[in-house]
Amino acid sequence: MLFLQLLFNGIQTGAIYALTAAGFALIFGATRIFHVAHGASFALAGYAFLMCSQAGLPWPVGCLAALAVAVAFGLGMDAFIYRPIQRHEGSFFTVFVAAFGMTIVVQSLIEIGFGRGFAVVPSALTMAKEVMPGLYLANIFWVAVGVAVVLFAIVGLFLERTRAGIGLRALSENPELLRAYGLSSRKLSALAFGLGSALTVPGAVLTAVTSGLQPAISAQVMLISLASAVVGGIGSLRGAALAGLLLGVVENLVISVLDTQWSSAAGFVVLFIFILFKPSGLFGQAVTR
Amino acid sequence: MIAYLLNLATLATVFGILAASLNLLIGYAGIFSIAHAVFFGIGAYTGAQLAILFIPDVLLACLAGGVLAGALSLCLALPALRVRGEYFVAASLGLQMMAVTLFSEAHSLTGGHGGLVGIPMPTLFGIDISEPATFLVFCLLVLGGVLLAIRMLMRGSFGRALMAIRDSESAAEAFGKDVPRLKTLAVGLGCTLAGVAGALFAFYMAFVNVESFTLEQSILVMAMVIIGGTATLAGPLVGVLLLLLLPAALSFLPFIPPTQIGAVQQLIYGGAMTLLMIFRPAGLAGQSTGRR
Amino acid sequence: MTDLPLSVRGLNKKFGGLTAVQDVDLDLQAGICTALVGPNGAGKTTIFNLITGNIPPDAGEVLVNGKPVRGMVPHRIARMGVARSFQDLRLFGRMSVRDNVLAAIEHSAWLWQPGGGAARRAREAAVDAALDRTGLTALADARAADLAYAERKFLSMARILATGGRIWLLDEPASGLDPHSRARFVSLVRSAVADGVTICLIEHNLDIVTELATRIAFLDRGAKLAEGEPQAILRDPELIGIYFGERRT
């Protein structure tokens, strides 16, 4: 039964990872910007939700506040950090360091404001019930899986069916084509950042009510998003989502054989193996030299 | 006060070696590793074990630490050859995370979370050099040697080859550069020097544990190199001094509670990295981009 | 039969489903300039990349001095005397002009170069000669990224010159040059040909092609449509029609 329990735990973690990683992949796929401050969006959203619920506001208000903060941060990064850098040089290295610096800034601000410890928002949804002998599930599991499925369906439809969605997919491949269709690449890149950052919100809120938030979570989320994007094939939304799920499951299943300390390292072993043996990832095009 | 200054100077010297070695990768070879603390750690554990189990000779410890770190740098060189850019950053992050787990779990080698305690006083050819001033002089000599070696290599054909690869890998190949071999060599050299710095660090602290070799440490060293200025000899040293003096300077400011100094320090260097990338990507000591 | 400096047999390359190069045979005769002419997307640069080993062909063979180079990595092919330029130049931007040229001729992948002082002086002499012939001597210490456009183009030629390679693949080396620089470029290539260098030139400016090329290979959509003397090719109304954008039906 332990295996099944861990598998379900893994799916819950994986659903959160998948959504977050999909946001990262969406931004990278459209703008070719390696948005390592994505984890900071996640952390900001989580703490915004935490503040609202500590202030006694109802949870939908908290979610909206989280959404607003995450989207604003994503758009701000695009407008005030990435764009000025790309105007003068814009090497991968420069963009990466700037975003990394912002992640550190956000992390330390949170540390100053909320302290170093864990913070959890209590919720009735996390009460676990025994659904099968030896298998405990809380309602939050169904919420996490449900939200992930619904959001993926919506994002998928948006990318397939709407003009802006199709434009997003073409942005990185052929900017000139967009002009011919009357779409602005500036607006599309803002859209990518807004939408991608919004996808961190469900994960942030769910983490706040389950395992809890801490300042270092921005770095953890960044690592997971990076790992999922690479394992899934950089730029592939489907790949990132699947890889996020995979990493969540692997992290939890490892506990059935090894100590818990190995659980976070397991994900990176997967990442390392992929980089060495299949750098194109699950769904990516070949990238080796 | 003197003791405090000697202490700070020794730490700055050790980090100077570490930052200079990372600059070899980031600045000259364009290999953007966020796993440098791993090799610093390998050097420190090796040096510490050698001192505890056999002989506390600082030169031998530096050699052993450097050689082992250099040999294990193949773990980093392998992905560096397969992929580039974003992927390599991801790979080095993965290596860093795996290594921290290994460091804290391999009790027999690293002492786990408790670390290795009771590292004996350093000696050099049997002579005790544990006196802070003497040890500082030794560290400065090592730093001087490292800087001299880097300067000579980077002004010569090896440096030109690495910088050519950094600026355009495909053109470097088209002009006969054996890119995989040169990259492996650069990674090996950079990590060897990080191992040397690690061995010195072990003697300086007389105690090592995994806390000194985490992702945060890798980022701190990266920040030193970037803020100081990549691909210059002085840049990393400037960065080391700035970032090591920062906590000390902050502790003089009365309105910052002591418990927050760590966070405020991070805030400042994180912000500095971002602002520098926007306004002065070459770093403080770097040549400003004189584009037409 | 004496070995040709470079010949290409039955070369094929597809990207995804798109044909980039299809059944191309090409012989470069020793000591002349052969021009590859054709509209954009004809596969000219891809042929260069296939020759230099940057991308592997799906089928076909490349022979350098009669030796097949299939499966060889780019730097090995380069050391056989194949030097190339890039459309986007790919200079070593943060290095000085002198170091750009010097780096192009130091092949040892070790911490230093073999041969000691004598070899070093020989390399320095080669660099000085290349800078002199390209008119860059006064700019030797400037950063490559800080050069003006024409100077950057000449720096990319200086890198090739210094290598002493006998086969040059030049990818639009004269595009965007002002008339004065263009004349300098033409005389530079002419003197190389006079020295016996074998050149393959991708060029859109047909004036330069007629000035330099002894043979022309005409490509369209990855296939070689014709090869021959410049007069014959450039007077063929069908080819010229394709070149100036009238598509075949």
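How many helices and strands are there in chain B?

**View 1. The overall build of chain B.** In this predicted model, chain B holds 13 helices together with four strands. Its radius of gyration is 19 Å, close to the 19 Å that the globule rule gives for 292 residues, so chain B is as compact as a globular protein of that length. Taken along the principal axes, the box that the C-alpha atoms of chain B fill is roughly 55 × 45 × 35 Å. Of the 292 residues in chain B, 59% are buried, and among its contacts between residues at least 6 apart in sequence, 76% join residues at least 24 apart.

**View 2. The two domains of chain C.** The domain assignment of chain C gives domain 1, made of 1-81, 166-181 and 193-249, and domain 2, which covers 93-164. Between the C-alpha centres of domain 1 and domain 2 of chain C there is a distance of 26 Å. Where these domains touch, seven residues come from domain 1 of chain C and six residues from domain 2 of chain C. On the side of domain 1 of chain C that touches domain 2 of chain C, three residues are nonpolar, two are polar and two are charged.

**View 3. The open sheet of chain C.** Six strands of chain C form an open sheet with mixed pairing, in the order S6-S7-S8-S3-S9-S10. Strand S6 (82-84) and strand S10 (223-228) of chain C stand at the edges with a single partner strand each, so one side of each is left without a neighbour in the sheet. From one strand to the next, the twist averages 20°.

View 4. S6(C) pairs with strand S7 (residues 167-171) of chain C in the parallel sense, over three bridges, and Val82(C) stands opposite Ile167(C) in S7(C). Helix H1 (residues 44-51) of chain C packs on the sheet, where it touches strand S3 (33-37), S6, S7, strand S8 (198-202) and strand S9 (215-220) of chain C. The direction of helix H1 of chain C makes about 145° with that of S7(C).

**View 5. The contact between chain C and chain B.** This contact takes 28 residues from chain C and 24 residues from chain B. On the side of chain C that touches chain B, the elements that give two or more residues are helix H2 (74-79), helix H3 (97-105) and helix H5 (149-163) of chain C. By class, the residues on this side of chain C divide into 12 nonpolar, eight polar and eight charged.

Methods: Residues numbered from 1 in each chain as written. Chains lettered and ligands numbered in written order. Predicted model: local features only at pLDDT ≥ 70, side-chain atom pairs only at ≥ 80, totals over all residues. Domains from an automatic or database assignment. Contact = placed C-beta atoms within 7 Å. Nonpolar A, V, L, I, M, F, W, Y, C, P; charged D, E, K, R; others polar. Rg over C-alpha atoms; globule rule 2.2 N^0.38 Å. Buried ≥ 20, exposed ≤ 12 C-beta atoms within 10 Å, placed from the backbone. Pairing = 2+ DSSP bridges. Axes fitted to C-alpha atoms, helices over the stretch in contact; angles between N-to-C directions.
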